[in-house]
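Dear colleague,

Please find below the structure that I am handing over to you.

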Amino acid sequence: MTASAPDFKGRTVLILGGDGFCGWPTALRFSSLGANVAILDNESRRQIDAELKVRSLTMISSLPERILAWAGESGNHMGLFRFDLATDYPALRNLLAELQPDIIVHFAEQRSAPYSMRSSEGARYSIDNNVRVTHNLLAALAETGLDPHLIHLGTIGVYGYANAGLQLPEGYLRVTAHGPDGRDVKKEIVYPGKPDSVYHLTKVLDQQLFAFYNQYYGLRITDLHQGVVWGTQTAETRRNPHLVNRFDHDPIFGTVVNRFIVQAIDGTPLTVYGSGEQARAFIHIRDMLTCITLAAETPPEPGERVRIVNQYSEICTLNALAARVSALTGAKIDYLKNPRREPEDNEFEVSRTILTSLGFEPNTFEDILAAEIADITDILATQSPDKSEFLKPGI
Ligand code: NAD
Ligand code: USQ
């Protein structure tokens, strides 16, 4: 945390994907810190919920209701724009030219690895949507000549999870290249992507797009390589039932910590995939907000290469995580055949120099898991009308 609360008064912040799990609380946070906030979302995620016949366990209000409730609570009016970033380039270009944002936070992608791997349709949609959204945005910034700070939510999964004893750097790798003519050249390259899903592949492709538009057009970009997000409520989403954040628990969009918490509350066993020795990086949603505002306060200098920042609070294995949840709740643990193709006993060391140097102090499971379980128990008691919707075992 920084010593004093950041101040974004007078700054215009555009949140792409501002109806989502990460985007909605981020929009509220920037608004509460004084920024003029606009949300752009095509509500595709709500449509995917309907397609998959799943829903957030919290009763999320419609986007206009959310915006209205926030105006009532805070007196701050957020702009709302609803169109598809992948297919409506003119609308995007015109909106940017009109708003002239100082900061753009880009969350607007299909973010589920299982969704991208469940069918060729899921894979094609993930590539088509994510790559086109990112490229349309970059092309529109180049065309309009605007110079906002673009903050993208990327993923630690771009590095792959089997890093064979190497501590993962923040985006760039120093290498000595052995040329075919026998000469050695030292250089820094973007860490070679090793995605485990088509979704993660889209983030690897995003990295190349960012590198090109940064080098050619001088766009100022921060790419946050984020771990698995958990938790749900933030200081702002608690202020009114219409502001509640989404809580995904299904096997496609529910991330593992939130699934384990709901399983424990529901009295069903925790579903550990495979050996459970997979190590992952995790971050609570409130820490995510701290990191995004820290990044927003410290934009790259003009001419600086894409700033790649590893964003997580803690690394642990799924077994360690399940043991913690079980110790707090008495939940049993089930080991299921792993539905994913992923390394199951990876060493995983990831540097986090930049955020630490900016003053980020992470919350760990030790610090906040028990309180989060209690909190989610309370939220679900009031927010989840149909308890039978709770986790079904399986993938
Ligand atoms: P989410 O699915 O809840 O939200 C994404 C939002 O983007 C949705 O509201 C969706 O409607 C919107 N969107 C998607 N395509 C769009 C398009 N073409 N035009 C306009 N809007 C569009 O996902 P999330 O969990 O909030 O994740 C947000 C971002 O953060 C993603 O890019 C994801 O890769 C990244 N991230 C998430 C996590 C996590 O654990 N949730 C971890 C690391 C990184
Ligand atoms: N897992 C289980 N049991 C479950 C669900 C998942 O053991 O019930 C395991 C998975 O096999 C995997 C790990 O938990 O090993 C994480 O899975 P997840 O579904 O929680 O998260 P993941 O697919 O990695 O994706 C999430 C977000 C994605 C983001 C990524 C960050 O959905 O948008 O990019 O976390 S990272 O993992 O660092 O790449």
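Helix H8 (256–266), strand E10 (270–273) and strand E11 (279–284) each contribute at least two residues to the shell around ligand 2. The largest share comes from E10, which gives three residues. The shell around ligand 2 has 20 residues, and those that come nearest are Thr-155, Gly-157, Thr-255, Val-256 and Tyr-273. Sorted by class, eight residues of this shell are nonpolar, seven are polar and five are charged.

Before going further, please note that this is a predicted model. The protein chain has an average pLDDT of 95, and 96% of the residues score at least 70. The model has an ipTM of 0.99 and a pTM of 0.97.

The paired strands

In other words, seven of the seven residues of E5 are buried, and the strand is mostly covered. This arrangement may be read alongside a general point: in a regular strand the side chains alternate between the two faces of the sheet.

E5 pairs with two strands that can be followed through one residue, Ile-151. E4 and E5 run parallel and are joined by four bridges, and Val-105 has Ile-151 as its bridge partner in E5. E5 also pairs with E8 in the parallel sense, over seven bridges; here the bridge partner of Ile-151 in E8 is Thr-222.

From strand E8 (residues 220–226), five bridges lead on to E12, and these two strands run parallel. Asp-223 has Ile-308 as its bridge partner in E12. Strand E12 (residues 307–311) is mostly covered, with five of its five residues buried. One side of E12 carries Arg-307, Val-309 and Gln-311, the other carries Ile-308 and Asn-310, and both faces are covered.

Why is helix H1 (residues 23–32) described as largely enclosed by the rest of the structure? The reason is that nine of its ten residues are buried. These buried residues are Gly-23, Trp-24, Pro-25, Thr-26, Ala-27, Leu-28, Arg-29, Phe-30 and Ser-31. They pack against strand E1 (12–16), E2, H3, E4 and helix H9 (285–297). Just after H1, Gly-34 has a positive phi of about 100°.

The buried residues of H6 are Ser-126, Asn-129, Asn-130, Val-133, Thr-134, Leu-137, Leu-138, Ala-140 and Leu-141. Among the elements that cover them are helix H4 (89–99), strand E4 (103–106), helix H5 (113–117) and helix H7 (198–217). Just after H6, Gly-145 takes a positive phi of about 70°.

Two loop residues with positive phi

Most residues other than glycine have a negative phi, and most peptide bonds are trans. Against that background, two residues may interest you. Glu-43 has a phi near 60°, a positive value in a residue other than glycine, and it is found in the loop between strand E2 (36–40) and H2. Glu-43 counts as partly exposed because it has 14 C-beta neighbours inside 10 Å.

Lys-53 lies in the loop between H2 and helix H3 (63–74). Is Lys-53 exposed or buried? With 7 C-beta neighbours inside 10 Å, Lys-53 counts as exposed, because the cut-off for that class is 12 or fewer.

With kind regards

Notes:
Residues are numbered from 1 along each chain as its sequence is written. Chains are lettered from A and ligands numbered from 1 in the order in which they are written. This is a predicted model: local features need pLDDT of at least 70, side-chain atom pairs count only at pLDDT 80 or more; totals for chains, interfaces and linings use all residues. A residue is near a molecule or strand if its C-beta atom, placed from the backbone, lies within 6 Å of it. Ala, Val, Leu, Ile, Met, Phe, Trp, Tyr, Cys and Pro count as nonpolar, Asp, Glu, Lys and Arg as charged, and the others, Gly among them, as polar. pLDDT is the predictor's confidence in each residue, from 0 to 100. A residue is buried if 20 or more other C-beta atoms lie within 10 Å of its own, exposed if 12 or fewer, and partly exposed in between; C-beta atoms are placed from the backbone. Two strands pair if DSSP finds at least two bridges between them. Two residues are in contact if their C-beta atoms, placed from the backbone, lie within 7 Å.
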